2 protein chains.
Amino acid sequence: MRTLAEHRAFGGVQGVHAHASTATGVEMTFGLYLPPAAARGPVPLVWFLSGLTCTHENAMVKAGAQRVAADLGLAVVFPDTSPRGEGVADDPAYDLGKGAGFYVDATQAPWAPHYRMWDYIANDLPRVLFANFPLDEGRQAITGHSMGGHGALTLAMGLPGRFRAVSAFAPIAHPTASDWGRRQFAAYLGADEDAWADHDATILMRERGFDGPVLVDQGAADQFLDLLRPEALAQAMAARRQPGAFRMHRGHDHSYFFVASFMQDHLRMLADALAD
Amino acid sequence: MRTLAEHRAFGGVQGVHAHASTATGVEMTFGLYLPPAAARGPVPLVWFLSGLTCTHENAMVKAGAQRVAADLGLAVVFPDTSPRGEGVADDPAYDLGKGAGFYVDATQAPWAPHYRMWDYIANDLPRVLFANFPLDEGRQAITGHSMGGHGALTLAMGLPGRFRAVSAFAPIAHPTASDWGRRQFAAYLGADEDAWADHDATILMRERGFDGPVLVDQGAADQFLDLLRPEALAQAMAARRQPGAFRMHRGHDHSYFFVASFMQDHLRMLADALAD
């Protein structure tokens, strides 16, 4: 691992680091915010997974997470959203290929060798983080925006016991029934839709739920509502009586102004679940 | 004036607007955050002037101003840093021409016709703002980052009575003695250095000072310390016994992580001066 930059922020340090990823086979870059409390010992870790077209940088500079994380004593990691580099397959569309890993392990050509973002977030990056930074592996929570909200929810429900709480900002909530999902899953996972179900938050909520609190925020003026399908997830949460909240916010769109507006609520909820 | 975008944020609205500028002769874009209190009547206005290479957008998405402004009931305007467009002169350097207006009115070719950023901030944009939005013209304050800190300090001291308070994050503090200033003033204002003095915060602080509180924050690990010359301004403030504070922050660099870390302090100081 090598450190590309360190910026002092709110008494802590916003780092940018790169490492050779065994999951994706290429060098991956991530941001890691360490709060002031990290100088005194291991701190809880919140994962922030980002959306389509984002790198590690967007949420790191736009979401306003550092101020709240500093107050709450949380570390926050901002992973990239796909493998990068010259040898990595891509597609002209913004929602397939680079910047659009969808947090799955591709089984199909030409994606299979590098597009392994589930493995990257679930196994590879954790090894790097816990080996190199003062982070408490027993206290993790996860959140994300849009495609990253999909990733947060599916990883949280797909890895029981790993995360104590999960939240999402305007997640792609039902990708197997959306053009943000069907085309990508067909490309990465193949035509057999049985392989898609483990990567659909609504299906996972119906079938498994989550053993911990769930917070989902959605803007009512989001320009992508038809692609996100939040009502499917809300219905699944209510039907299952999942502990948590689904909140619809009047006037809010899909931008980082929406994410920033509710970041404090999300990190406080996650921090409460991580206390002790 | 036309509205390009409106994003709900922290209970208020982050707008992006464009207008035909009489000062620069081209269309100019600006961001304006209106806090929830603006729905009930005119609110005080804080100007945030940005630094080299920035557009209206950088501080608007990175500085974390909206949350604090919403709490304090402040509007915040984020102007662009230069004229833009095909007919506007430019230079290959990042610190001259587009993105580098330095908040002066150019008198020299090829800059003179469009590079009139002092006039734009002092006269043109205020007309647009007070005609179109619920803003209290009698309650204004100004701040900025780097080149924008230079602009905030020189406009505040150059327009007595206009702004009740001024602050700056890592301002270009003594441009007539810096490579961030001498080359640009020679290009925009000509070789006669007498014309430069009204655009140097340290000289203005020595000769005039400011009738209101001043807050200047500087990172001790700023990579541009030799160009910013903060010690000259600190000395001038101290020698004049200027009410206010000059603060040096251990470990902080020149980034927006520095700006965001202290945004709350700045907006609170400005809001205190704008109260009543």
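Trainee: How many of the 8 residues of helix α2 (residues 65-72) of chain B are buried?

Mentor: Start with the term: buried means under 20% relative accessible area, exposed means over 50%, and partly exposed is in between (1.4 Å probe, protein chains only). Here 6 of the 8 residues in α2(B) are buried, so the helix is largely enclosed by the rest of the structure. Bear in mind that this is a predicted model: local features need pLDDT of at least 70, side-chain atom pairs count only at pLDDT 80 or more, and totals for chains, interfaces and linings use all residues. Residues are numbered from 1 along each chain as its sequence is written, chains are lettered from A and ligands numbered from 1 in the order written, and side-chain values use heavy atoms, leaving out hydrogens and water.

Trainee: Which residues of α2(B) are the buried ones, and what follows the helix?

Mentor: Helices are DSSP runs of H or I with at least four residues, strands are runs of E with at least two, and both are numbered from the N terminus. The buried set in α2(B) is B:Ala65, B:Gln66, B:Arg67, B:Val68, B:Ala69 and B:Ala70. Next comes B:Gly73, with a positive phi near 75°.

Trainee: How do strands β1 and β2 of chain B pair?

Mentor: Two strands pair if DSSP finds at least two bridges between them. Strands β1 (residues 2-9) and β2 (residues 12-20) of chain B run antiparallel, over 7 bridges. To find one of them, go to B:Ala5, whose bridge partner in β2(B) is B:Val16. The two strands make a hairpin with 2 residues between them, and in the turn B:Phe10 has a positive phi of about 50°.

Trainee: Over to chain A. Where is A:His114, and is it buried or exposed?

Mentor: A:His114 sits in the loop between β5 (75-79) and α3 (117-132) of chain A. Its relative accessibility is 19%, which is why it counts as buried. Contact means heavy atoms within 4.5 Å. Setting aside neighbours within four places in sequence, A:His114 touches A:Thr24, A:Gly25, A:Val26, A:Pro83, A:Gly87 and A:Val88.

Trainee: What does the radius of gyration say about chain A?

Mentor: That radius is taken over C-alpha atoms, and the globule rule is 2.2 Å times the number of residues to the power 0.38. For 276 residues a compact globule would come out near 19 Å; chain A has 17 Å, which agrees. The C-alpha trace of chain A spans about 50 × 45 × 35 Å along its principal axes, and 62% of its 276 residues count as buried. Chain A holds 9 helices and 9 strands.
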